[in-house]
Amino acid sequence: GFEMSYDEKNIFAKIIRGELPAEKIFENDKVLAFMDIMPRSPGHLLVIPKSSARNILDIDDENLCEVIKVVKKLAIASKKAMNATGVTIQQFSEADGGQEVFHLHFHIIPRYTGKPMNRPGQMVKDMTVLSMQANKIKAELGV
Ligand code: AMP
């Protein structure tokens, strides 16, 4: 089949390079995590590799392992910080898999008793809310 290639101009590549702002939660030399600006649920965040991977279909195992370790760490921290009662992890690969930004990302979506997820594409109006949630999650991480 034909392989889709990585596009260095995607929005998450720009966040990694510091060309676009993000409400960052965690960063090391291989992985970055930040708040999703259209949260499906309060505390929704994204974990991405710094390496140039389009999605789970092309990432190397070493970088994938670094990313998934951070997914676990932040699933625990965000659930606790947000007083959530569950966590939904999502990863979409290629447009037909539901992917819209073509740099690998895992969604961490804290969930609450009786609360369905928000509809997609609802942009946050108040960035201070995202910032307060980010601070709570960072405090839980001890960073
Ligand atoms: P998908 O590729 O379907 O997993 O969707 C991309 C996700 O990235 C959506 O949840 C968007 O809300 C989120 N998103 C898009 N642009 C930004 C941005 N600049 N900062 C943070 N999250 C974003």
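Sorted by class, the residues that line the largest pocket of this predicted model are 15 nonpolar, seven polar and four charged ones.

**The pocket**
- The volume of the largest pocket comes to about 650 Å³, and among the 26 residues of its lining, those closest to the centre of the pocket are Phe 12, Asp 36, Ile 37, Met 38 and Leu 46.

**The shell around the ligand**
- The ligand is surrounded by 15 residues, of which Asp 36, Gly 98, Glu 100, His 105 and His 107 are the closest.
- When the residues of this shell are sorted by class, nine are nonpolar, four are polar and two are charged.
- The helix α1, which spans residues 11–16, and the strand β2, which spans residues 31–35, each contribute at least two residues to the shell around the ligand.

**Polar atoms and cover**
- In the side chain of His 105, an N or O atom is 2.5 Å from an oxygen atom of the ligand, while a polar side-chain atom of His 107 lies 2.6 Å from an oxygen atom of the ligand.
- The backbone also takes part in the picture, as an N or O atom of the Val 101 backbone lies 3.0 Å from an oxygen atom of the ligand.
- On its own, the ligand has 510 Å² of accessible area, and the protein covers 88% of that area.

Technical notes
Residues are numbered from 1 along each chain as its sequence is written. This is a predicted model: local features need pLDDT of at least 70, side-chain atom pairs count only at pLDDT 80 or more; totals for chains, interfaces and linings use all residues. Side-chain values use heavy atoms; hydrogens and water are left out. A residue is near a molecule or strand if one of its heavy atoms lies within 4 Å of it. A polar contact is a pair of N or O atoms within 3.5 Å; within protein, one must be able to donate a hydrogen and the other to accept it, and residues adjacent in sequence count only if both atoms are side-chain atoms. Accessible areas come from the Shrake-Rupley method with a 1.4 Å probe; for residues, only the protein chains shown count as cover. Helices (H or I, at least four residues) and strands (E, at least two) are DSSP runs, numbered from the N terminus. Ala, Val, Leu, Ile, Met, Phe, Trp, Tyr, Cys and Pro count as nonpolar, Asp, Glu, Lys and Arg as charged, and the others, Gly among them, as polar. On a 1 Å grid over the protein atoms alone, a cavity is a set of points where a 1.4 Å probe fits but cannot get out, and a pocket is an open set with protein on both sides within 12 Å along at least five of seven lines; lining residues have an atom within 4 Å of a point. Grid points are joined across faces, edges and corners, and a volume is the space filled by probe spheres set on the points.
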